[in-house]
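Hello,

I am passing on the structure we spoke about. Please look through it before reading my notes, which come after it.

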Amino acid sequence: AVYGGDGGWCEISDINPLIMFAESQFGNMGRSATGGESFANFFDEDIQTDFFGADGMSQSAPFITAFYLWEDLAEYYFGGGEHRSLFMTAGFSGRLFVTRESHVLSTVPDFIQMGTFGGGNRAFAAGAVSDGGNWTFALSRGGRILRIKDALDDDYDVDELSASVLPFSGRTATGIACSAGGDELVVSAGNYGNSNYVWLSENATEGNPGDIDFVSIQHNLPLMPVYDVAINPDSDEHYVVAGTELGVWTYNKDTECWTEQNEGLGRVQVFRLRMEAMNSPFCKVTYLGTHGRGTFRSTTLTAGFCDTTLPEFDPGSVGIEENIAEQMNIQLYPNPARTTAKVEVSIPNNQKASLNLYDLTGRLIKSQVLSNTAGTETHTFEVSDLAAGNYIVNLQVDSYKLSEQLTVVK
C-alpha cells in the first residue's frame, strides 16, 4: 500500500520509474518523486478549484476519477532524452485538464483546460495519444470524444466530435486506443442489453470532424461489456485486443473475426488492458488488470526480436519492511483545519521517527522529531500562520514514509 483510501487509478513513468501517480476517492491525486515512498498533491489552482470547489470541501470529482499518462518514449530513447509527456483528467464539470509538466518535479504543473465534453456524463473515461503526440483523443464516460491536434504545442487545436458521428454517444464508454499515426481509433463500451460494444474509425484524423466514420466491429464477439481496448501495431491477426466480461479477445483485421485468448487466465473480468514498452519503444508487453484474479503479463503478442526477460526478484528484507509498514499509521483531524491540526501517529517500538509538513512544491514547512516514540501518540501542528491550500503531512520511521494530505482553510 502506497497511498491509502479506497484507491483508484495509477500510473508509473517509463522514463523515470521513481515518478508515480496514485489517487484515493473523489479525485485526491498525488504524485511521487520517490518511487512511492511519499506523495504530494500536484494540482494547480484551476484544477484544484474544479475538483474540490472554491472552499476546498465540495466533491465535484467522481468517486473514482480516471486519469491518463502518455510519454514520448521514441523521443526519449532516440531524440536526446527529452521528457515529453501529457497527463489528462476531468471531473464532473467535463472540463478536460491537460499538463505537459507532470515530470517537472520542481514546481506545481500548469494544467491547461483544452476542452469541455458535451452531453450526459462528462467525466473523463480514457485517453489515447498517437506516436509523437500529434493527435490526442480524450473519451468521456458518456461516450463523447475531444480530439486535440498538437497538444504538446501552445498552438493546439481542439474539436469536440459531434454526437451524430459517435454511435456510442450516451453509452457508458470504457476504453479508447489509437494507431501510431492516429488515423485509426477504437472505442469500447460497457453494460448489458446492447447489440454493439466495440467500434473502429479508420479516418479519425479527418480534417472535418463531421466526416469521421465509426463502424461496429462486434461481428462474432459475444454480447457482453468490453472494459478496455488496445491496438496491437505488430499484427493484423491480433490487431485489436479487448478486455471483456469474459477475459481477453483479439480481433483479426483481415477476417473480421474475434478469437478468445484466455489460456492461463480464464473467463474473468478484465478491467484494464495495457501494452507497455519494455527496453524499447517498439517492444510492447501486454498487461491485464482483472477483477479478483490479480494482474497478468503476456509476451505472446510481443515482437520476436524483443528482450522480455524479467530481472530476478530478491525479496531481501521485505518481511521486515512489511512488518514496519503494517504498524505505521497516521490520522489527521480536523481536516480541513483552520488553526491547529492534530496528528495521531502509530509507530513500532524503538524506531527513530519524524513528523514533517510540506507544501505542494516539496518545501519543508515544519518538522518535529519524535523521540522515544512507541505505539499511538497525538501531536499538534500550528497552521494558523499558513496560507489556505493543501499540504502534505509525512511520517518517517527509519527509511519508511507515510503521507496524508492536509487542507488548510481560512
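The notes below cover the cysteines, then the aromatic residues.

Please keep in mind that this is a predicted model.

Cysteines

The count of disulfides comes to one. It joins Cys283 and Cys306, whose sulfur atoms are 2.1 Å apart. The link between Cys283 and Cys306 is left-handed, with -90° about the S-S bond. Distant parts of the chain are linked by this pair: Cys283 is in the loop between E20 and E21, Cys306 is in the loop between strand E22 (295-298) and helix H3 (318-327), and the two are 23 residues apart. Cys283 counts as buried, at 5% relative accessibility, and Cys306 counts as buried at 11%.

Cys178 is buried, because its relative accessibility of 13% is under the 20% cut-off. Cys257, with a relative accessible area of 30%, is partly exposed.

Aromatic residues

There are 18 aromatic pairs. In one of them, Phe43 and Phe51, the ring centres are 5.4 Å apart and the planes lie at 75°, so the pair is edge-to-face. Both Phe43 and Phe51 are buried. Tyr227 and Phe271 are also edge-to-face, with ring centres 4.4 Å apart and planes at 70°. Tyr227 belongs to strand E16 (residues 226-231) and Phe271 to strand E20, so this pair ties together parts that are 44 residues apart in sequence. Of these two, Tyr227 is buried, at a relative accessible area of 15%, whereas Phe271 counts as partly exposed at 33%.

Phe43 and Phe51 are also part of a cluster linked by ring pairs, together with Phe21, Phe42, Phe52, Phe67, Phe87 and Phe111.

The charged end of Arg171 sits over the ring of Tyr197, 5.2 Å from its centre. Over the face of Tyr239 lies Lys253, at 4.3 Å from the ring centre.

On the surface, Tyr77, Phe78, Phe282 and Phe305 form a nonpolar patch whose accessible area together is about 520 Å². Phe282 counts as partly exposed, at 48% relative accessibility.

Regards

Notes
Residues are numbered from 1 along each chain as its sequence is written. This is a predicted model: local features need pLDDT of at least 70, side-chain atom pairs count only at pLDDT 80 or more; totals for chains, interfaces and linings use all residues. Side-chain values use heavy atoms; hydrogens and water are left out. Patches are made of residues with over 30% relative accessible area and no salt bridge: like charges are joined within 9 Å, nonpolar side chains (Val, Leu, Ile, Met, Phe, Trp, Tyr) within 5 Å. Accessible areas come from the Shrake-Rupley method with a 1.4 Å probe; for residues, only the protein chains shown count as cover. A salt bridge is a side-chain nitrogen of Lys or Arg within 4 Å of a carboxyl oxygen of Asp or Glu. Buried means under 20% relative accessible area, exposed over 50%, partly exposed in between (1.4 Å probe, protein chains only). A disulfide is a pair of cysteine sulfur atoms within 2.5 Å. Helices (H or I, at least four residues) and strands (E, at least two) are DSSP runs, numbered from the N terminus. Rings of Phe, Tyr and Trp (its six-membered ring) pair if their centres lie within 6.5 Å; planes under 30 degrees apart count as stacked, over 60 as edge-to-face and the rest as tilted. A charge sits over a ring if NZ of Lys or CZ of Arg is within 6 Å of the ring centre and within 35 degrees of the ring normal.
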